[in-house]
Amino acid sequence: MIRRFLRDERGNYITMTAILLVPLMGSLALAVDYAQISKQRQATLNALDAANIATARRLVEGATDAQAKSYAESFFKANLSGAVDSTDAVISITLPKNNTGGGTLLSCAGLKYKPFFFPAFTKLMGNTTGDPSKLDFRACSEVRLKNTMEVALVLDNSGSMDYLGTGSGQKRIDLLKAAAKQLVDTIAAQAAQMKQVDKPVQFGLVPFAASVNVGNGNASAAWMDKDGISPIHHENFDWSTMSSSYSSTKYAQKVGDVWYARGADWGTQKDQPLTRFALYNLMQHIISKTWVSNWQNVCISYRTNGTCRTWQMQDQGGYSYGYENVASWGGCVESRPYPYNVTDDPATTATPATMFVPMFGPDETDRTDSSYRPANNNWLTDRLGGSDDKARQQYMPKYFETGTDVSGRNYGMDEGPNVSCSTKAITPLTDVSTTPGLNSIKSAIDGMTPGGATNVPEGMAWGWRVVSGGAPFTEGRADSEKGNDKVVIVLTDGANTYYTPSSVIAQDYSGTNYLYGGNDNAGNKAIYSSYGYAGTPYQGGDTRLFKNTSVTKTDYSNSNYTKALNQQFDTLCANAKAKNLIVMTVSLDLDSSNTTEKAQMDALKACSSDSRFRKDPSDLSKPAKLYWNATGSNLADKFKEIADELSNLRIVG
């Protein structure tokens with residue numbers, strides 16, 4: 001056929017050839033352009049996907065928005081094959097919101113294809129423009145960040161949690177345990193499906209009452225004040241009462257801001273700092289007194305020349321004493337002085353006020369007041385006489401003088417030096433996608449016991465520190481890591497409380513009149529708790545409880561203490577949310593008709609973050625607040641709603 005075509009001289013073949021030549025050559029041109037654009041398109045898509053994945057990794061590592069965009073563009077251009085001119089392909093990046101956990105990284109690229117034959121062909125076919133832009137294309141690649149989550153359960157363990165929950169017939173603490181474990185189980189089941197992500201969901205537990213227990217195993221931690229350098233470490237302790245005039249072999253000497261043990265009678269403590277830890281380690285009392293015989297032949301009469309006239313066997317023995325430590329540190333710490341009580345600032349010896357100080361309730365006066373009321377926390381015999389009860393309280397030799405009689409006892413949690421320390425220790429973040437981790441958190445929840453006052457801001461502050469990427473607890477991911485949510489869930493069943501000495505029942509070891517309340521002979525203005533004594537000025541100014549609040553600074557009443565704690569809580573909440581912490585709050589059995597409880601409900605709601613997924617039913621233009629008002633009868637349902645909210649913060653798969 002081809003040969004006939006080539007030999008044929010008739011005009012119709014020439015005409016047909018001329019007619020067919022255009023579509024034949026056009027098809028060939030389009031085939032060449034199509035193959036070329038397909039090649040360039042695939043190269044662009046490959047470079048786009050690679051750049052998107054690589055940039056997502058950089059975001060998770062903490063790259064800034066500007067760094068991420070610059071990195072994406074450079075990576076994209078570097079991975080374009082030689083078939084594509086980098087000036088013909090343009091990438092645009094849409095970043096997820098900064099550090100808000102999850103979200104997607106969207107990268108789009110546009111390719112401006114420069115065809116070989118398409119313009120000429122279109123003109124030949126009568127299209128005078130031959131517009132090559134008709135072959136341009138745009139493609140997008142979307143990568144979801146890993147969506148991990150770290151949650152601190154900050155749960156009220158105060159004495160009122162031992163009350164029955166409204167409409168339930170069960171104690172609030174038991175209802176809380178069941179609801180909290182159900183929440184952990186729900187989220188843990190989802191986390192177990194994320195096989196490709198390390199530690200997809202971690203939970204920590206912060207039981208709180210009057211204070212927070214960080215665990216006595218942290219006594220030697222770098223963030224604990226082991227040298228007594230914090231400006232609050234020696235509040236209520238007058239080490240000058242142990243000067244060299246008191247004893248030349250066992251005295252205290254101040255060098256800079258640190259007190260040191262001087263003299264041979266200190267034993268291994270000699271020349272070491274005198275701190276609250278030293279008090280715990282050195283305080284002893286006699287638990288046994290046993291006579292040990294030592295019979296010897298003793299001269300009982302002498303001749304004039306000095307020689308023995310009469311010998312007699314006598315027992316020259318003495319008492320052997322058994323000692324026991326008065327107490328060991330229970331693990332609770334005081335609130336740091338403002339502003340560090342409401343921040344997550346790292347503890348550093350360069351700024352002594354940032355260090356964490358172990359709680360130590362001073363031994364209060366042995367004397368009663370005119371109504372025969374004893375001190376709330378009288379647990380040692382005063383070694384100083386006189387009527388100055390403040391001096392008797394601050395007199396340091398009493399902690400080291402054991403006497404010669406069997407006396408005293410060992411003091412445990414929430415008594416003696418550990419007064420106001422009633423909760424179990426913090427459980428750090430634990431991976432609940434594993435069975436051991438899940439069981440560990442649930443066991444810690446089951447171990448909670450109610451007792452003590454209510455200090456919500458201190459509980460929340462430690463919840464923040466638990467999920468934080470830095471010390472004291474370092475199990476959390478870096479704060480700069482994207483694709484990870486840090487959540488604190490705060491539940492309380494009462495208003496913040498800090499008590500005056502007369503408003504609570506004095507400890508039963510204070511004396512026979514303990515049911516009448518405690519005295520305030522020493523002017524402490526409050527029982528000892530995490531802010532120390534309300535009557536102790538901080539560095540000559542306001543008491544620490546009142547610092548940076550607008551409350552009346554001379555009103556030493558329970559109601560004013562509550563107002564001060566509420567304001568500390570407000571400041572803490574603002575600081576935490578400014579650092580992208582997600583705050584969920586729950587009030588349990590609070591009565592809105594009670595002014596004090598209504599204030600707590602309002603504070604909890606104001607503290608909570610906005611939901612990313614739900615709208616406020618009363619105003620659909622606003623997001624719903626992450627606040628739940630629960631009763632004993634519906635607490636489990638409210639925690640299911642919290643579980644739904646947490647589930648929406650992450651992607652399973």
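Which residues form a disulfide with their sulfur atoms 2.0 Å apart, C332 and what partner? I looked it up: C332 pairs with C421.

**Ground rules.** I am working on a predicted model, where local features need pLDDT of at least 70, side-chain atom pairs count only at pLDDT 80 or more, and totals for chains, interfaces and linings use all residues. Residues are numbered from 1 along each chain as its sequence is written, and side-chain values use heavy atoms, leaving out hydrogens and water.

**Whole chain.** I noted twelve helices and 19 strands (DSSP runs numbered from the N terminus: H or I, at least four residues, for helices; E, at least two, for strands). Of the 653 residues, 48% are buried (under 20% relative accessible area, 1.4 Å probe, protein chains only).

**Disulfides.** I found four, taking a disulfide as a pair of cysteine sulfur atoms within 2.5 Å. Counted along the chain, the bonded cysteines follow the pattern 1-2, 3-4, 5-6, 7-8.

**C332 and C421.** The S-S torsion is about 80°, so this link is right-handed. C332 sits in strand β13 and C421 in the loop between α7 and β14, so the pair ties together parts 89 residues apart in sequence. Both cysteines are buried.

**C299 and C308.** I read an S to S distance of 2.3 Å. The torsion is about 110°, so this disulfide is right-handed. C299 is buried at 13% relative accessible area, and C308 is buried at 14%.

**C573 and C607.** Their sulfur atoms lie 2.0 Å apart. The link is left-handed, with -90° about the S-S bond. C573 is in helix α10 and C607 in helix α11, so the pair joins parts 34 residues apart in sequence. Both are buried.

Terms used: Buried means under 20% relative accessible area, exposed over 50%, partly exposed in between (1.4 Å probe, protein chains only).
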